[in-house]
Amino acid sequence: ENVKFSVDQGFMWKVIDCSNSISVNYSKIYNYYLRPGSIMTSSKKDQILSGVNDYVDTINGLKNVPYDRKIIIDRWKMGILHSSAKLTDYGGFCNIKEEMKVDYFNCLRTPLLKIKILSSIGIISDKILYIIMKKY
(Lines give C-alpha, C1' and ligand atoms only; values in the text may rest on other atoms or scores of the structure.)
Protein backbone atom coordinates (compact mmCIF):
# COMPACT_ATOMS: atom_id res chain seq x y z
CA GLU A 1 0.00 0.00 0.00
CA ASN A 2 1.17 3.54 -0.68
CA VAL A 3 0.02 4.90 2.68
CA LYS A 4 3.03 5.42 4.95
CA PHE A 5 1.52 7.43 7.80
CA SER A 6 -1.61 7.16 9.99
CA VAL A 7 -2.68 3.93 8.30
CA ASP A 8 -4.43 2.70 11.45
CA GLN A 9 -6.94 5.56 11.45
CA GLY A 10 -8.72 4.57 8.23
CA PHE A 11 -8.76 0.93 9.34
CA MET A 12 -10.33 1.89 12.68
CA TRP A 13 -13.19 3.73 10.95
CA LYS A 14 -13.80 0.78 8.60
CA VAL A 15 -14.15 -1.49 11.66
CA ILE A 16 -16.50 0.98 13.36
CA ASP A 17 -18.59 1.21 10.18
CA CYS A 18 -19.11 -2.58 10.21
CA SER A 19 -19.81 -2.88 13.96
CA ASN A 20 -23.20 -3.41 15.56
CA SER A 21 -22.11 -1.73 18.78
CA ILE A 22 -19.06 0.00 20.17
CA SER A 23 -17.73 0.37 23.70
CA VAL A 24 -15.45 3.18 24.73
CA ASN A 25 -12.68 2.84 27.28
CA TYR A 26 -11.13 6.15 28.27
CA SER A 27 -8.23 4.54 30.14
CA LYS A 28 -4.79 5.17 28.77
CA ILE A 29 -3.96 1.71 27.42
CA TYR A 30 -1.80 2.62 24.45
CA ASN A 31 0.82 5.19 23.66
CA TYR A 32 3.24 5.58 20.81
CA TYR A 33 6.83 4.70 21.58
CA LEU A 34 8.93 7.04 19.50
CA ARG A 35 12.07 5.24 18.36
CA PRO A 36 14.71 7.17 16.44
CA GLY A 37 14.53 6.18 12.79
CA SER A 38 11.01 4.73 13.00
CA ILE A 39 8.31 5.78 10.52
CA MET A 40 6.79 8.00 13.20
CA THR A 41 10.04 9.85 13.92
CA SER A 42 11.59 9.95 10.48
CA SER A 43 8.51 10.77 8.45
CA LYS A 44 8.88 13.55 5.98
CA LYS A 45 6.27 15.62 4.22
CA ASP A 46 5.59 13.08 1.45
CA GLN A 47 5.16 10.24 3.94
CA ILE A 48 2.89 12.30 6.17
CA LEU A 49 0.75 13.34 3.19
CA SER A 50 0.67 9.83 1.68
CA GLY A 51 -2.47 8.88 3.55
CA VAL A 52 -4.55 12.02 3.09
CA ASN A 53 -6.50 10.99 -0.02
CA ASP A 54 -6.87 7.41 1.22
CA TYR A 55 -8.21 8.56 4.59
CA VAL A 56 -10.64 11.07 3.05
CA ASP A 57 -11.89 8.42 0.58
CA THR A 58 -12.29 5.90 3.43
CA ILE A 59 -14.30 8.31 5.58
CA ASN A 60 -16.48 9.45 2.67
CA GLY A 61 -17.15 5.79 1.80
CA LEU A 62 -18.50 4.88 5.24
CA LYS A 63 -22.11 3.75 5.17
CA ASN A 64 -23.18 3.43 8.81
CA VAL A 65 -21.29 6.01 10.83
CA PRO A 66 -23.77 8.48 12.36
CA TYR A 67 -21.30 11.36 12.41
CA ASP A 68 -20.69 14.20 10.03
CA ARG A 69 -17.86 12.91 7.85
CA LYS A 70 -16.40 16.39 7.42
CA ILE A 71 -15.99 16.69 11.19
CA ILE A 72 -14.19 13.32 11.33
CA ILE A 73 -11.84 14.44 8.54
CA ASP A 74 -11.20 17.87 10.09
CA ARG A 75 -10.42 16.28 13.49
CA TRP A 76 -7.97 13.90 11.80
CA LYS A 77 -6.30 16.75 9.91
CA MET A 78 -5.68 18.56 13.20
CA GLY A 79 -4.10 15.36 14.54
CA ILE A 80 -1.85 15.16 11.48
CA LEU A 81 -0.86 18.80 12.01
CA HIS A 82 0.09 17.93 15.59
CA SER A 83 2.27 15.05 14.38
CA SER A 84 3.83 17.21 11.68
CA ALA A 85 4.73 19.89 14.24
CA LYS A 86 6.67 17.23 16.14
CA LEU A 87 8.38 15.87 13.00
CA THR A 88 9.07 18.90 10.78
CA ASP A 89 10.18 22.50 10.99
CA TYR A 90 7.73 25.40 10.75
CA GLY A 91 7.98 25.54 6.94
CA GLY A 92 7.15 21.83 6.66
CA PHE A 93 4.23 22.31 9.04
CA CYS A 94 2.82 25.12 6.87
CA ASN A 95 3.33 23.10 3.68
CA ILE A 96 1.49 20.12 5.14
CA LYS A 97 -1.34 22.38 6.34
CA GLU A 98 -1.68 23.86 2.85
CA GLU A 99 -1.50 20.50 1.04
CA MET A 100 -4.15 19.01 3.34
CA LYS A 101 -6.29 22.12 2.83
CA VAL A 102 -6.81 22.58 6.57
CA ASP A 103 -9.48 25.19 7.23
CA TYR A 104 -9.42 26.25 10.88
CA PHE A 105 -12.91 27.74 10.61
CA ASN A 106 -14.28 24.35 9.52
CA CYS A 107 -12.38 22.69 12.36
CA LEU A 108 -14.32 24.86 14.83
CA ARG A 109 -17.35 22.62 14.10
CA THR A 110 -15.59 19.70 15.78
CA PRO A 111 -17.30 19.05 19.13
CA LEU A 112 -14.00 18.56 21.01
CA LEU A 113 -13.02 21.62 23.04
CA LYS A 114 -9.31 20.92 22.48
CA ILE A 115 -9.80 21.08 18.70
CA LYS A 116 -11.90 24.25 18.99
CA ILE A 117 -9.15 25.93 21.03
CA LEU A 118 -6.35 24.81 18.70
CA SER A 119 -8.35 25.86 15.64
CA SER A 120 -8.96 29.28 17.18
CA ILE A 121 -5.23 29.65 17.81
CA GLY A 122 -4.58 28.63 14.18
CA ILE A 123 -6.95 31.34 12.98
CA ILE A 124 -4.87 33.87 14.91
CA SER A 125 -1.42 32.51 13.99
CA ASP A 126 0.00 29.39 12.37
CA LYS A 127 3.31 30.09 14.13
CA ILE A 128 1.76 30.11 17.61
CA LEU A 129 -0.17 26.93 16.81
CA TYR A 130 3.04 25.28 15.57
CA ILE A 131 4.91 26.21 18.75
CA ILE A 132 2.12 24.83 20.96
CA MET A 133 1.76 21.62 18.95
CA LYS A 134 5.52 21.09 18.87
CA LYS A 135 5.79 21.44 22.63
CA TYR A 136 2.70 19.45 23.65
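Start by selecting Thr 88 and showing what surrounds it. Setting aside neighbours within four places in sequence, Thr 88 is in contact with Ile 48, Phe 93, Ile 96, Tyr 130 and Lys 134. You're in the loop between helix 5 and helix 6 here. Is Thr 88 buried or exposed? Thr 88 counts as buried because its relative accessible area is 13%, and the cut-off for buried is under 20%. Now look at its side chain, which reaches the backbone nitrogen of Phe 93 at 3.3 Å. One caution before going on: this is a predicted model.

Next, pick Ser 84, in helix 5. Leaving out residues up to four places away in sequence, Ser 84 touches Ile 48, Phe 93 and Ile 96. Ser 84 has 0% relative accessibility, so it counts as buried.

Now select helix 5 from end to end, residues 69-87.

Then colour the buried residues of helix 5. They are Ile 72, Ile 73, Asp 74, Trp 76, Lys 77, Met 78, Ile 80, Leu 81, Ser 83, Ser 84, Ala 85 and Leu 87.

With a relative accessible area of 8%, Ile 73 is buried. Which residues does Ile 73 contact, leaving aside its neighbours within four places in sequence? Show Tyr 55, Val 56, Ile 59 and Asn 60. Ile 59 is 14 residues from Ile 73 along the chain, and their C-alpha atoms are separated by 7.2 Å.

Time for the largest nonpolar core, which has 30 residues. Select Met 78, Leu 81, Phe 93, Met 100 and Met 133, the ones with the most contacts inside it. Helices 3, 4, 5, 6, 7, 8 and 9 each give two or more residues to this core. The largest share, eight residues, comes from helix 5. For a closer look, centre on Met 133: apart from neighbours within four places in sequence, it is in contact with Met 78, Leu 81, His 82, Ala 85, Lys 86, Phe 93 and Leu 118.

Now switch to a surface view and look for the second largest pocket, with a volume of about 200 Å³. Select its lining: Leu 49, Val 52, Asn 53, Val 56, Asp 57, Lys 77, Glu 99, Met 100 and Lys 101. Helix 4 provides the largest share of that lining, four residues.

Finally, zoom out to a cartoon of the chain. How many helices and strands are there? Count nine helices and zero strands. Of the 136 residues, 37% count as buried. Among contacts between residues at least 6 apart in sequence, 66% join residues at least 24 apart.

Methods: Residues numbered from 1 in each chain as written. Predicted model: local features only at pLDDT ≥ 70, side-chain atom pairs only at ≥ 80, totals over all residues. Heavy atoms only, no water. Expected span 1.5 Å × (residues − 1). Buried < 20%, exposed > 50% of the residue type's maximum accessible area, 1.4 Å probe, protein only. Contact = heavy atoms within 4.5 Å. Core = buried A, V, L, I, M, F, W, Y, C linked by side-chain atoms within 4.5 Å. Polar contact = N/O pair within 3.5 Å; in protein donor to acceptor, adjacent residues only side chain to side chain. 1 Å grid on protein atoms, 1.4 Å probe; cavity = no way out; pocket = protein on both sides within 12 Å on 5 of 7 lines; lining within 4 Å. Points joined across faces, edges and corners; volume = space filled by probe spheres on them.
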